Amino acid sequence: MDIFHWFLLQLLILCISLPFIFRIYRRKPISPKLPPGRKGWPIIGEALEYAMANKNGTPEKFITDRMRKYSPEVFRTSLLGENFAVFCGASGNKLLFSSENKLVTTWWPRSMEKMVLFPNYVGYSAKVETAKIHALRPEFLNPEALQRYIPIMDSVSKQHLETDWSPCKQVKVFPLLKKYTFAVACRLFLNIKGHDQVSRLAYPFSLVSAGLISIPINLPGTAFSRAIKGGKLIRKELLGIIRKRKMELSENIGSAQVDLLSHMLLRRDENGRGMEEKEIAHIIIAFFIASYDTLGAAITVVLNFLAEFPQVYSNVLKEQKEIAKSKGKDELLNWENIQKMKYSWNMACEAMRLAPPAQGVFGEVIADFSYAGFTIPKGWKTYWTVNSTHKNPEYFPDPEKFDPSRFEGRGPPPFTFVPFGGGPRLCPGKEYARVEILTFMHNVVTKFKLEKVNPNEKFIYNLSPIPENGLLVHLHPLNN
């Protein structure tokens, strides 16, 4: 065969093969470009590194180390047995806040669901429960409702300080504040005032709180096992309270109550159907968990910095004294008073910037999408976290400095100060938290000056910042 015929044969083979080669190439899946990062150890992923950063009081280190190593916009990790995309910076926060039910939806770890939900609801979409909580915001957490709560919060805080603080020269702030915020929640959510009933509810909530992010091993003596037990006790207690209230409302006993429970029992959808008892219990549990740990932690870090910075305390005291002078002797705080506490709120925001009461929120990807040049696959979990912005010098110059003036005027850039989330992911209890924080601040600073027994007491992190020894302080009563 001469060279011409040989060449012609090769060309013919090539022409015949090309369509098959093209078809095979076209069918070959192209691997998506996933966010950089590492999966860590089998099953546990990077949970140990995450836990150590929290225990050392530097949860932001887990985030910032990976931002530097992998990407300042989004990185991959593995926690709770799941693949996570951790979104960073103001842009990452904005994306997740604005993509609720479009790209991502609310997600709870199954271990948490087992603690707080009735068994037949485990695996039930967290999105549905969260939507119901948000639906209550315009009715139960609107400004008109909050105005009614302020005198109650003020009254409870005065009684709490008189009973649990005034007789003492020293107090452990954190456990007392959890007791206080839980008492306020019992009063406003369930109209429960009696000490015995409050204590009966508080004990199982403490078990659940301690086990929320524990290793999910249900063996006797483990935090997870105790949390499961606590959840059962809570649900049983709440069902009893709900059924008793339903009977009272049907008999027009206490129908004028404006607490959360009555509100939900009287609520009807467009078809005239009321809420199921178990759904009501789930929502009440969610409100209580937020109030028990997160709000108690928020007020604790505020008092920590008030004790640490005398000039800041003096500025807050000056503002609060002016408000106190405008009140009658036994007159309780009102909405107008709260609106005047501008420096006090700036101070509280700066405290929550440095020690956020919650670190972030989980979500689940419901449709593949691209971000920062990477593919985020459906089914992955997402995590937005305060720790990529709150101490980032790009947004907060000299980030370790305590400076309430950062929040004057227009305040920080959008999506950088996010202790309550933002957009559709904004915490429905943000204004409730603001009112309760400021009400307690008013009462404590006009009654005591605080001095930390251990100026170097460290905060460790669970879901919220927890002072290692409860934040022990000397109380110096003011001569009013």
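Analyst: A salt bridge is taken here as a side-chain nitrogen of Lys or Arg within 4 Å of a carboxyl oxygen of Asp or Glu. By that criterion, R38, E46, E49 and R66 are linked in a network of salt bridges, and a search of the whole structure, which is a predicted model, finds 26 salt bridges.

Among them is the pair formed by K158 and D154, whose side chains meet with an N to O distance of 2.7 Å. Both residues belong to helix α7 (residues 143-165), and because they are four residues apart there, about one helical turn separates them.

In helix α16 (residues 430-445), E431 and R434 lie three residues apart, about one turn of the helix, and they form a salt bridge in which the closest N and O atoms are 3.0 Å apart. Here R434 counts as buried, at 11% relative accessibility, while E431 is partly exposed, at 29%.

A further salt bridge joins the side chains of K327 and E331, at 3.4 Å from N to O. In this pair K327 counts as buried, with a relative accessibility of 14%, and E331 is partly exposed, with a relative accessible area of 42%.

As background to these values, 48% of the 480 residues of the protein count as buried, and the protein contains 16 helices and twelve strands.

Terms used. Residues are numbered from 1 along each chain as its sequence is written. This is a predicted model: local features need pLDDT of at least 70, side-chain atom pairs count only at pLDDT 80 or more; totals for chains, interfaces and linings use all residues. Side-chain values use heavy atoms; hydrogens and water are left out. Helices (H or I, at least four residues) and strands (E, at least two) are DSSP runs, numbered from the N terminus. Buried means under 20% relative accessible area, exposed over 50%, partly exposed in between (1.4 Å probe, protein chains only).
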